[in-house]
Amino acid sequence: MIAPLPETREAMMNALPHLRAFAISLTGNVDQADDLVQEAILRGLANIEKFTPGTSMRAWLFTILRNQFHTAYRKRRREVEDPDGVMAGRLSTAPEQSGHLDLEDLKTALAKLPLEQREALLLVAAEGLSYEETAAICGTAVGTIKSRINRARHRLAELVGVSGKGDIGVDRVIKAAMRE
Amino acid sequence: MRSRLPPVVVGGDPFSGMVYAGGHRIKLPGRAMDHNNDRTAPKPGTRENRAAITRPIQDALGERLRSMYDDLRAEPVPDRLLDLLKQVDEQRPSDR
(Lines give C-alpha, C1' and ligand atoms only; values in the text may rest on other atoms or scores of the structure.)
Protein backbone atom coordinates (compact mmCIF):
# COMPACT_ATOMS: atom_id res chain seq x y z
CA MET A 1 0.00 0.00 0.00
CA ILE A 2 1.29 3.42 -0.93
CA ALA A 3 1.16 5.77 2.02
CA PRO A 4 -1.01 8.78 1.21
CA LEU A 5 0.36 12.29 1.14
CA PRO A 6 -0.27 14.32 4.29
CA GLU A 7 -2.84 16.45 2.46
CA THR A 8 -4.67 13.32 1.32
CA ARG A 9 -4.70 12.05 4.86
CA GLU A 10 -5.98 15.39 6.08
CA ALA A 11 -8.74 15.39 3.47
CA MET A 12 -9.75 11.93 4.67
CA MET A 13 -9.66 13.10 8.26
CA ASN A 14 -11.91 16.04 7.38
CA ALA A 15 -14.33 13.74 5.60
CA LEU A 16 -14.74 11.46 8.64
CA PRO A 17 -17.51 13.38 10.46
CA HIS A 18 -19.42 13.69 7.18
CA LEU A 19 -19.09 10.00 6.37
CA ARG A 20 -20.19 9.12 9.85
CA ALA A 21 -23.25 11.39 9.83
CA PHE A 22 -24.27 9.94 6.48
CA ALA A 23 -23.69 6.35 7.57
CA ILE A 24 -25.63 6.78 10.82
CA SER A 25 -28.53 8.46 9.03
CA LEU A 26 -28.48 5.79 6.35
CA THR A 27 -28.35 2.76 8.62
CA GLY A 28 -29.96 4.07 11.79
CA ASN A 29 -27.33 2.15 13.72
CA VAL A 30 -24.16 3.69 15.09
CA ASP A 31 -22.14 0.46 15.27
CA GLN A 32 -23.02 -0.55 11.74
CA ALA A 33 -22.30 3.00 10.62
CA ASP A 34 -18.84 3.04 12.20
CA ASP A 35 -18.06 -0.31 10.59
CA LEU A 36 -19.06 1.14 7.24
CA VAL A 37 -16.90 4.21 7.75
CA GLN A 38 -13.95 2.07 8.82
CA GLU A 39 -14.33 -0.12 5.74
CA ALA A 40 -14.60 2.93 3.48
CA ILE A 41 -11.42 4.46 4.90
CA LEU A 42 -9.51 1.19 4.58
CA ARG A 43 -10.66 0.73 1.00
CA GLY A 44 -9.87 4.34 0.24
CA LEU A 45 -6.36 3.91 1.58
CA ALA A 46 -5.87 0.67 -0.32
CA ASN A 47 -7.01 2.29 -3.56
CA ILE A 48 -5.59 5.75 -3.01
CA GLU A 49 -3.84 5.69 -6.39
CA LYS A 50 -7.31 5.68 -7.98
CA PHE A 51 -8.20 8.98 -6.36
CA THR A 52 -7.85 11.91 -8.74
CA PRO A 53 -6.00 14.74 -6.98
CA GLY A 54 -7.93 17.99 -7.05
CA THR A 55 -11.31 16.26 -6.88
CA SER A 56 -13.43 15.94 -3.76
CA MET A 57 -12.11 13.37 -1.31
CA ARG A 58 -15.38 13.55 0.57
CA ALA A 59 -17.40 12.66 -2.55
CA TRP A 60 -14.96 9.87 -3.41
CA LEU A 61 -15.27 8.31 0.04
CA PHE A 62 -19.05 8.73 -0.01
CA THR A 63 -19.10 6.72 -3.23
CA ILE A 64 -17.07 3.93 -1.66
CA LEU A 65 -19.20 3.86 1.48
CA ARG A 66 -22.44 3.97 -0.44
CA ASN A 67 -21.40 1.09 -2.71
CA GLN A 68 -20.35 -1.01 0.26
CA PHE A 69 -23.65 -0.43 1.96
CA HIS A 70 -25.55 -1.43 -1.18
CA THR A 71 -23.57 -4.63 -1.46
CA ALA A 72 -24.33 -5.49 2.16
CA TYR A 73 -27.94 -4.42 1.74
CA ARG A 74 -28.47 -6.60 -1.34
CA LYS A 75 -26.98 -9.53 0.51
CA ARG A 76 -29.29 -8.95 3.45
CA ARG A 77 -32.20 -8.52 1.08
CA ARG A 78 -31.68 -12.05 -0.15
CA GLU A 79 -31.57 -13.29 3.40
CA VAL A 80 -34.58 -11.55 4.87
CA GLU A 81 -37.99 -10.85 3.46
CA ASP A 82 -38.31 -7.19 4.32
CA PRO A 83 -35.08 -5.40 5.14
CA ASP A 84 -36.84 -2.06 5.40
CA GLY A 85 -39.29 -3.45 7.91
CA VAL A 86 -36.53 -5.09 9.92
CA MET A 87 -34.61 -1.89 10.03
CA ALA A 88 -37.62 0.24 10.84
CA GLY A 89 -38.57 -2.13 13.65
CA ARG A 90 -35.09 -2.02 15.10
CA LEU A 91 -35.01 1.71 15.13
CA SER A 92 -37.87 2.98 17.10
CA THR A 93 -41.54 2.96 17.86
CA ALA A 94 -44.16 4.45 15.61
CA PRO A 95 -44.33 8.22 15.59
CA GLU A 96 -46.56 9.61 18.29
CA GLN A 97 -49.10 12.23 17.46
CA SER A 98 -47.79 14.33 20.30
CA GLY A 99 -48.15 17.75 18.77
CA HIS A 100 -44.57 18.17 17.68
CA LEU A 101 -42.18 16.60 15.29
CA ASP A 102 -39.43 15.19 17.43
CA LEU A 103 -36.18 13.62 16.44
CA GLU A 104 -37.38 10.07 16.96
CA ASP A 105 -40.31 10.66 14.60
CA LEU A 106 -37.92 11.84 11.97
CA LYS A 107 -35.48 8.96 12.44
CA THR A 108 -38.27 6.42 12.29
CA ALA A 109 -39.69 7.97 9.17
CA LEU A 110 -36.28 8.16 7.54
CA ALA A 111 -35.70 4.47 8.17
CA LYS A 112 -38.92 3.64 6.37
CA LEU A 113 -37.92 5.38 3.17
CA PRO A 114 -36.72 3.11 0.40
CA LEU A 115 -32.92 3.05 0.38
CA GLU A 116 -32.54 4.88 -2.94
CA GLN A 117 -34.76 7.71 -1.73
CA ARG A 118 -33.12 7.87 1.69
CA GLU A 119 -29.59 8.19 0.38
CA ALA A 120 -30.52 10.80 -2.23
CA LEU A 121 -32.39 12.90 0.31
CA LEU A 122 -29.55 12.70 2.84
CA LEU A 123 -26.84 13.61 0.35
CA VAL A 124 -28.68 16.62 -1.05
CA ALA A 125 -30.90 17.92 1.75
CA ALA A 126 -28.68 17.09 4.73
CA GLU A 127 -25.10 16.77 3.48
CA GLY A 128 -25.63 19.63 1.04
CA LEU A 129 -24.14 18.02 -2.06
CA SER A 130 -25.31 19.08 -5.50
CA TYR A 131 -27.66 16.98 -7.59
CA GLU A 132 -24.74 16.31 -9.91
CA GLU A 133 -22.43 15.10 -7.15
CA THR A 134 -25.20 12.98 -5.69
CA ALA A 135 -25.98 11.46 -9.08
CA ALA A 136 -22.31 10.56 -9.51
CA ILE A 137 -22.14 9.01 -6.04
CA CYS A 138 -25.30 6.99 -6.61
CA GLY A 139 -24.29 6.03 -10.16
CA THR A 140 -27.43 7.40 -11.74
CA ALA A 141 -28.81 10.37 -13.68
CA VAL A 142 -29.51 13.80 -12.20
CA GLY A 143 -33.18 13.49 -13.18
CA THR A 144 -33.45 10.22 -11.29
CA ILE A 145 -31.98 11.85 -8.18
CA LYS A 146 -34.44 14.75 -8.42
CA SER A 147 -37.32 12.35 -8.73
CA ARG A 148 -36.14 10.24 -5.79
CA ILE A 149 -35.76 13.32 -3.61
CA ASN A 150 -39.19 14.54 -4.57
CA ARG A 151 -40.71 11.19 -3.61
CA ALA A 152 -38.65 11.06 -0.45
CA ARG A 153 -39.86 14.48 0.68
CA HIS A 154 -43.48 13.61 0.15
CA ARG A 155 -43.16 10.23 1.79
CA LEU A 156 -41.31 11.69 4.75
CA ALA A 157 -44.04 14.28 5.27
CA GLU A 158 -46.64 11.51 5.17
CA LEU A 159 -44.70 9.36 7.60
CA VAL A 160 -44.22 12.07 10.20
CA GLY A 161 -47.87 12.94 9.86
CA VAL A 162 -47.60 16.50 8.63
CA SER A 163 -49.13 15.97 5.24
CA GLY A 164 -52.64 15.37 6.48
CA LYS A 165 -55.64 17.45 5.75
CA GLY A 166 -55.34 21.11 6.33
CA ASP A 167 -53.81 23.26 8.97
CA ILE A 168 -53.23 20.86 11.83
CA GLY A 169 -50.25 19.33 10.06
CA VAL A 170 -48.86 22.67 9.04
CA ASP A 171 -49.28 23.98 12.53
CA ARG A 172 -47.56 20.97 13.98
CA VAL A 173 -44.52 21.15 11.77
CA ILE A 174 -44.15 24.89 12.06
CA LYS A 175 -44.28 24.58 15.83
CA ALA A 176 -41.62 21.92 15.58
CA ALA A 177 -39.43 24.21 13.52
CA MET A 178 -39.93 27.07 15.97
CA ARG A 179 -38.78 24.95 18.87
CA GLU A 180 -35.30 24.92 17.41
CA MET B 1 -59.21 13.38 -37.98
CA ARG B 2 -58.29 9.94 -36.89
CA SER B 3 -60.25 7.01 -38.16
CA ARG B 4 -59.57 4.89 -35.12
CA LEU B 5 -58.72 5.37 -31.50
CA PRO B 6 -55.07 5.97 -30.76
CA PRO B 7 -53.35 3.53 -28.44
CA VAL B 8 -53.64 4.30 -24.76
CA VAL B 9 -50.45 5.84 -23.47
CA VAL B 10 -49.95 5.77 -19.76
CA GLY B 11 -47.66 8.40 -18.35
CA GLY B 12 -47.54 11.69 -16.57
CA ASP B 13 -47.04 12.66 -12.99
CA PRO B 14 -47.00 9.59 -10.75
CA PHE B 15 -48.20 11.68 -7.82
CA SER B 16 -51.31 13.05 -9.37
CA GLY B 17 -53.25 9.88 -9.96
CA MET B 18 -53.79 11.13 -13.47
CA VAL B 19 -52.89 9.27 -16.59
CA TYR B 20 -52.76 10.31 -20.16
CA ALA B 21 -54.98 8.16 -22.27
CA GLY B 22 -54.79 8.82 -25.95
CA GLY B 23 -53.55 12.31 -25.25
CA HIS B 24 -56.41 13.18 -22.89
CA ARG B 25 -55.85 13.73 -19.21
CA ILE B 26 -58.27 11.57 -17.32
CA LYS B 27 -58.78 10.91 -13.64
CA LEU B 28 -58.61 7.29 -12.71
CA PRO B 29 -61.10 6.04 -10.21
CA GLY B 30 -59.65 4.27 -7.19
CA ARG B 31 -56.00 3.63 -6.83
CA ALA B 32 -53.33 4.93 -9.10
CA MET B 33 -51.81 2.83 -11.82
CA ASP B 34 -48.97 0.59 -10.95
CA HIS B 35 -46.38 2.66 -12.75
CA ASN B 36 -43.30 0.57 -12.92
CA ASN B 37 -41.27 -1.90 -11.00
CA ASP B 38 -38.94 0.68 -9.48
CA ARG B 39 -38.58 -0.23 -5.83
CA THR B 40 -38.81 3.42 -4.94
CA ALA B 41 -42.13 3.95 -6.72
CA PRO B 42 -44.82 5.44 -4.50
CA LYS B 43 -47.03 2.99 -2.72
CA PRO B 44 -50.71 3.04 -3.57
CA GLY B 45 -53.13 4.59 -1.15
CA THR B 46 -50.89 7.49 -0.20
CA ARG B 47 -51.32 9.83 -3.11
CA GLU B 48 -54.29 11.73 -1.72
CA ASN B 49 -51.97 13.36 0.81
CA ARG B 50 -49.48 14.62 -1.69
CA ALA B 51 -51.30 17.75 -2.73
CA ALA B 52 -51.36 18.92 0.89
CA ILE B 53 -47.57 19.11 1.23
CA THR B 54 -46.79 22.74 0.99
CA ARG B 55 -43.64 24.76 0.87
CA PRO B 56 -43.56 25.63 4.60
CA ILE B 57 -43.85 21.95 5.46
CA GLN B 58 -41.04 21.05 3.10
CA ASP B 59 -38.87 23.82 4.50
CA ALA B 60 -39.55 22.81 8.09
CA LEU B 61 -38.85 19.16 7.38
CA GLY B 62 -35.67 20.05 5.53
CA GLU B 63 -34.54 22.20 8.41
CA ARG B 64 -35.23 19.41 10.89
CA LEU B 65 -33.34 16.92 8.77
CA ARG B 66 -30.34 19.21 8.49
CA SER B 67 -30.39 19.88 12.20
CA MET B 68 -30.38 16.14 12.95
CA TYR B 69 -27.55 15.61 10.48
CA ASP B 70 -25.52 18.54 11.78
CA ASP B 71 -25.77 17.13 15.29
CA LEU B 72 -24.42 13.81 14.05
CA ARG B 73 -21.63 15.54 12.19
CA ALA B 74 -20.68 17.44 15.33
CA GLU B 75 -20.25 14.23 17.32
CA PRO B 76 -16.67 13.30 18.17
CA VAL B 77 -15.27 10.71 15.77
CA PRO B 78 -14.41 7.47 17.62
CA ASP B 79 -10.71 6.78 18.16
CA ARG B 80 -10.82 3.54 16.23
CA LEU B 81 -11.61 5.53 13.08
CA LEU B 82 -9.10 8.29 13.75
CA ASP B 83 -6.45 5.66 14.45
CA LEU B 84 -6.83 4.24 10.94
CA LEU B 85 -5.44 7.47 9.56
CA LYS B 86 -2.97 8.17 12.36
CA GLN B 87 -1.32 4.79 11.86
CA VAL B 88 -0.89 5.53 8.18
CA ASP B 89 0.83 8.76 9.02
CA GLU B 90 3.32 6.99 11.26
CA GLN B 91 4.07 4.39 8.61
CA ARG B 92 5.06 7.04 6.12
CA PRO B 93 8.83 7.41 5.90
CA SER B 94 9.99 10.73 7.25
CA ASP B 95 12.62 11.36 4.61
CA ARG B 96 11.60 13.32 1.56
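What follows is a short exchange of questions and answers about this model.

Modeller: This is a predicted model, in which local features need pLDDT of at least 70, side-chain atom pairs count only at pLDDT 80 or more, and totals for chains, interfaces and linings use all residues. Residues are numbered from 1 along each chain as its sequence is written, chains are lettered from A and ligands numbered from 1 in the order in which they are written, and side-chain values use heavy atoms, with hydrogens and water left out.

Colleague: How many helices does chain A have?

Modeller: Helices (H or I, at least four residues) and strands (E, at least two) are DSSP runs, numbered from the N terminus. Chain A has zero strands, and its count of helices is nine.

Colleague: At what angle do the axes of helix 7 and helix 8 of chain A cross?

Modeller: Axes are lines fitted to C-alpha atoms, for helices over the stretch in contact, and angles run from 0 to 180 degrees between N-to-C directions. Helix 7 (residues 131-138) and helix 8 (residues 142-159) of chain A have axes that come within 8 Å. The two helices are therefore roughly perpendicular to each other, a class that covers 65 to 115 degrees, with under 35 counted as roughly parallel, over 145 as roughly antiparallel and the rest as oblique. The crossing angle is roughly 100°.

Colleague: Which residues of helix 1 of chain B meet helix 6 of chain A?

Modeller: The axes of helix 6 (residues 115-126) of chain A and helix 1 (residues 55-74) of chain B come within 10 Å and cross at roughly 85°. Contact means heavy atoms within 4.5 Å. On the side of chain A the residues are L121(A), L122(A), A125(A) and A126(A), and those they meet in helix 1 of chain B are L65(B), R66(B), Y69(B) and R73(B).

Colleague: How many residues does the largest nonpolar core have?

Modeller: A nonpolar core is a set of buried Ala, Val, Leu, Ile, Met, Phe, Trp, Tyr and Cys residues joined through side-chain atoms within 4.5 Å. I41(A), L61(A), L121(A) and L65(B) have the most contacts inside the largest one, and I41(A) is in contact with residues including L61(A), L84(B) and L85(B). The size of that core is 60 residues.

Colleague: Is H70(A) buried or exposed?

Modeller: H70(A) is found in helix 3 (residues 57-79) of chain A, and, leaving out residues up to four places away in sequence, H70(A) touches L115(A), E116(A) and E119(A). Buried means under 20% relative accessible area, exposed over 50% and partly exposed in between (1.4 Å probe, protein chains only). With a relative accessible area of 7%, H70(A) is buried.
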